[in-house]
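Me: I would like to learn how to read helices, salt bridges and surface patches from a set of coordinates. Could you take me through them one by one?

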Amino acid sequence: MSILLKNGTYIHPETLKFTTSDILVHEGIIGKIEFVSQVPESKFEQVIDCTGKYITQSFVCGHHHVYSALSRGMGAPKKNPENFNEVLQYVWWTLDKCMDVEMIEASALYTAMASLKNGVTFVIDHHASPFAIGGSLDIIATAFEKVGASHLLCYEISDRDGTEKALEGLVETAEFLEDNQALVGLHASFTVSDDTLQKAVRLSKHYDTGIHIHVAEAESDQQHCMDTYGMRVIERLQKFEALKSSRTILGHCLHLSEKEKKIISKSPAWVVQNTESNLNNKVGYFNAAGLGSNIMMGTDGMHSDMLRSAKAAFFVGQNFDTIGYDSVYQRFRNADKYLTSNGFKGHGPNNLVVLDYDTPTPFNQGNFYGHFVFGLESKHVKHVISQGKLVVENGKIITVDEDKILASVKVQAERLWAKMR
Ligand SMILES: [Zn+2]
């Protein structure tokens with residue numbers, strides 16, 4: 001089936017060229033779009049009037065955590081965390097240990113709906129549920145596909161709960177990779193033994209994919225690596241050949257030496273920055289200097305709004321980063337490059353947002369960046385097309401019963417919070 005978008009203004013995601021035309025959108029995981037004129041509307045089941053609206057490629061979240069979806073508004077942890085390791089211990093590792101299959105499904109359904117409503121049609125996720133590992137990635141994939149979002153998933157393999165859990169994570173990853181595009185997830189250097197790291201890299205090579213790992217999010221990750229292995233985190237990852245794939249994603253990368261930055265910039269691996277999460281955890285500020293150009297953006301599970309993430313990166317970065325008007329957009333769009341250059345499917349040209357953007361000033365190719373930083377927000381996302389299929393219409397999810405799902409997700413949130421007490 002195809003959709004006809006009538007009389008909208010298409011903004012090319014790379015060249016930023018504005019073209020006012022009718023657009024024919026073809027459905028499919030590798031689908032295309034065509035600029036057409038005077039095509040009879042009666043030939044199409046779906047015709048959307050886009051007069052006065054802007055159309056561009058939809059967005060990608062480069063680093064998300066489905067498991068954090070039910071945390072909003074939950075009670076305070078048993079101990080007020082005094083540092084990043086205590087945040088993990090008393091908040092996230094308490095929460096993820098309570099996740100069961102119903103909660104995972106609810107978290108995934110909500111994350112997919114929230115993402116799509118923000119114009120994010122593709123999510124790169126990093127999942128953990130230590131007492132519901134087997135089958136967890138399938139549950140997330142099924143929920144995402146039901147709502148209409150594309151995905152690149154991984155399970156966060158770790159020795160933090162013992163070697164048996166690490167092995168379970170490896171098995172889950174291998175089973176999922178048999179039938180799906182995915183990455184091999186690792187939590188972080190400080191919770192991954194040499195044996196597990198070696199097995200994870202071996203697995204990634206076997207399936208010709210990359211590693212997805214948190215790197216030097218806090219200084220303590222480096223301290224642990226120096227104390228335990230006598231080297232820094234990136235040196236350790238390099239030693240185990242974890243940086244050789246262009247599919248590899250390194251999350252955060254806040255506390256790196258010049259030598260480590262050089263290793264990353266010379267490798268094909270990608271860095272993903274998560275500004276708001278770093279602010280929330282008080283772990284430091286991202287700075288792209290010396291890291292090369294393979295940098296994209298994520299939310300780290302804080303929310304599913306990439307336009308918001310880009311703005312946060314830009315404004316916080318004015319004091320701490322090399323980020324500017326063109327580079328904030330570049331980093332925002334780099335996930336497109338990461339996905340397409342690595343051959344991942346689900347983010348072709350037939351993934352689109354229709355923006356109802358009421359600007360008081362001229363908007364064109366020449367001043368796009370100013371509007372991107374100061375104007376465009378997710379509230380402007382009116383319709384969303386994922387793999388050529390209309391999934392959000394007038395701001396509402398149309399693939400599933402959004403209200404009914406939200407009500408059932410709340411039941412799972414209450415179950416989770418009760419279990420955590
Ligand atoms: Zn993360």
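Reply: Happy to, and we will go feature by feature. Please keep in mind that this is a predicted model.

Me: Is H2 mostly covered or mostly open, and how many of its residues are buried?

Reply: Mostly covered, with 12 of the 17 residues buried. Among them are Met 103, Ile 104, Ser 107, Leu 109, Met 113 and Leu 116. After H2 comes Gly 119, and its phi is positive, near 85 degrees.

Me: Thanks! Now salt bridges. How many does a search of the whole structure find?

Reply: The idea is that side chains of opposite charge can pair when their charged atoms come close. Here the search of the whole structure finds 23 salt bridges. One of these joins Lys 79 to Glu 86, with the closest N and O atoms 2.7 Å apart.

Me: Are Lys 79 and Glu 86 buried or partly exposed?

Reply: Lys 79 counts as partly exposed because its relative accessibility is 26%. Glu 86 has a relative accessible area of 17%, so it is buried; the cut-off for buried is under 20%.

Me: What is the N to O distance in the salt bridge of Arg 160 and Asp 161?

Reply: It is 3.7 Å. Arg 160 is buried, given its relative accessible area of 18%, while Asp 161 is partly exposed at 28% relative accessibility.

Me: Which parts of the structure does the pair of Arg 308 and Glu 276 tie together?

Reply: The closest N and O atoms of this salt bridge are 2.8 Å apart. Arg 308 lies in helix H10 (residues 306–320) and Glu 276 in helix H9 (residues 275–281), so the pair ties together parts that are 32 residues apart in sequence. Arg 308 is partly exposed at 39% relative accessibility, and Glu 276 is buried at 15% relative accessible area.

Me: Which residues do salt bridges that share partners join into one network?

Reply: The network is made of Asp 96, Lys 97, Glu 156, Arg 160 and Asp 161.

Me: On to surface patches. Which residues form the negative one?

Reply: To read a patch, list its residues and then ask which elements supply them. The negative surface patch is formed by Asp 138, Glu 145, Glu 175, Glu 178 and Asp 179. Helix H3 (136–147) and helix H4 (163–179) are the elements that give two or more residues to this patch. H4 supplies the largest share, 3 residues. Asp 138 is found in helix H3 and counts as partly exposed, because its relative accessibility is 45%.

Me: And which residues form the nonpolar patch on the surface?

Reply: Leu 279, Tyr 285 and Phe 320, with about 270 Å² of accessible area together. Tyr 285 is placed in the loop between H9 and strand S13 (295–297). With a relative accessible area of 43%, Tyr 285 is partly exposed.

Note on methods
Residues numbered from 1 in each chain as written. Predicted model: local features only at pLDDT ≥ 70, side-chain atom pairs only at ≥ 80, totals over all residues. Heavy atoms only, no water. Patch = residues over 30% accessible without salt bridge, like charges linked within 9 Å, V, L, I, M, F, W, Y side chains within 5 Å. Areas by Shrake-Rupley, 256 points an atom, 1.4 Å probe, with all protein chains shown as cover. Salt bridge = Lys/Arg side-chain N within 4 Å of Asp/Glu carboxyl O. Lys, Arg positive; Asp, Glu negative; His and termini not counted. Charge placed at Lys NZ, Arg CZ, Asp CG, Glu CD. Helix = DSSP H or I, 4+ residues; strand = E, 2+ residues; numbered from the N terminus. Buried < 20%, exposed > 50% of the residue type's maximum accessible area, 1.4 Å probe, protein only.
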